[in-house]
Amino acid sequence: MVIPNRCGLPIEDSGTTVGAFGLSVLAIDKRGRWSRKCPLRKQCTIRYYSEQQNDAFRHLFTEFFAPKQKESIMSHSSFRMPNPHRKLLFGGSVVVAFAFVALGIFASNGWLPRTDPLSGEKTGWFGRKLPRNSSSSWNLFSVPTPTPTPQLSKEYIYAGSRLLAVEDANANAAPPADLAVWRPSTGVWWVLGGPGSQQTTFSWGTSGDIPVPGDFDGDGKTDFSVFRPAENEWWIYLSSSSTYYSVEFGAANDITAPADYDGDGKTDAAVFRPSNGTWYITRSSDSGTTIIQFGLSTDVPAPADHDGDGRADIAVWRSSNQTFYSVNSSNGVLQSPSFGSSTAVPVPADYDGDGKANYALRNGNSWVILNAAFTSTSSVTWQEAGDIAVQNDYDGDGIVDIAVWRPSNGTWYIRQSSKLGQQDELRSVQWGMSGDIPVPAYYRR
């Protein structure tokens, strides 16, 4: 081996050695770095050697370098790359890091294309809404998604103007509605109970009050509530917190019409004022008040969710021309189906389980129900004309049952929709006494 003349130092002092592997000539300094230039940056003369001399050089390296340096020399994984390659690697790392940061920003702001697994709603880049039938080309990262779960709309079940229950459409209600009465003479509520709900008695209200049960706190349980006409006050006992409050809302001769008009899952206090045909509704969603003139002084309020959007529609029954008038809360369209007779009373509810309330009437002991397409009516004769209508879902099949309560003997007669045509179609239960007011709902106590 020829040591470069201008270096002038032996290998062990300069920390530099020269090796010839094949036809390549490299210099190695004390830190184990490889270079094609002399580490002392001087003009050097390097010669090439045979394989036998190369073996001698390898032995020389082993003797003069420390274990770490030795490992650095013999391991290709520790070789330092030439400067251009190092720059390329650094630049690539920066690009990859930037891409990950940008991806995180897009994801946190909802700017990436996605499909909601429940509703099936599609959004493109930067949150732009897309049609549900958009092809997969809208999403570069699209993968097969499960069939969106259909959203259930709520149905509101009434007896006259009183809210009886709130149920999810197209699903089994578990458990079914409780048989219950309110006794004006004592102000006591008597709840029979059933699957998932126990028998309960609760004192709330006084003689002269009007029971207005509803879920005013949105906990899925019916709250004991009354309207006091003498003071125009609502007295509500919340099941979620076992606390109560009162609110002055209404005027003399108003007709109570509580329901969930804003779709927030809570019952809204509401009245219909015959003197001016105006509805007054307190919205639980924002504590505001809705005032709408809709109806005549002789109309009967009959709110129900006829369009299946989860909000009760303002509606009245006009006996003078045998017509229902309602406004869809979903699109503001006026509906005005005509049928029945002038002596009938409105009993709207979802009798076919499609998630929308049917327009229906009760005339004596005959129930007349208009189908969803407004093309025909069906009639059912049930019990006696002097009974009180108490339609509700008592068998938990998602369909409202035709039912009545007989004041003379305090007995419930329920036509169970899940057992039509069977021997046990009729469910008969004695619960209550003469003078009571039936208030069936799911109390869950």
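Of the contacts in the protein (heavy atoms within 4.5 Å) that link residues at least 6 apart in sequence, 38% join residues at least 24 apart. The structure is a predicted model, in which local features need pLDDT of at least 70 and side-chain atom pairs count only at pLDDT 80 or more, whereas totals for chains, interfaces and linings use all residues. Residues are numbered from 1 along each chain as its sequence is written, and side-chain values use heavy atoms, with hydrogens and water left out.

The secondary structure of the protein consists of 4 helices and 32 strands; these elements are DSSP runs numbered from the N terminus, helices being H or I of at least four residues and strands being E of at least two. The protein comprises 445 residues, of which 44% are buried, that is, under 20% relative accessible area; exposed denotes over 50% and partly exposed the range in between (1.4 Å probe, protein chains only).

Most residues other than glycine have a negative phi. Q383, although not a glycine, has a positive phi of about 60 degrees. Q383 lies in the loop between strand 27 (377-381) and strand 28 (388-389) and is partly exposed, with a relative accessible area of 27%. A positive phi, of about 55 degrees, is also found at R444, which is not a glycine. R444 belongs to the segment after strand 32 (437-438) and is partly exposed at 40% relative accessibility.
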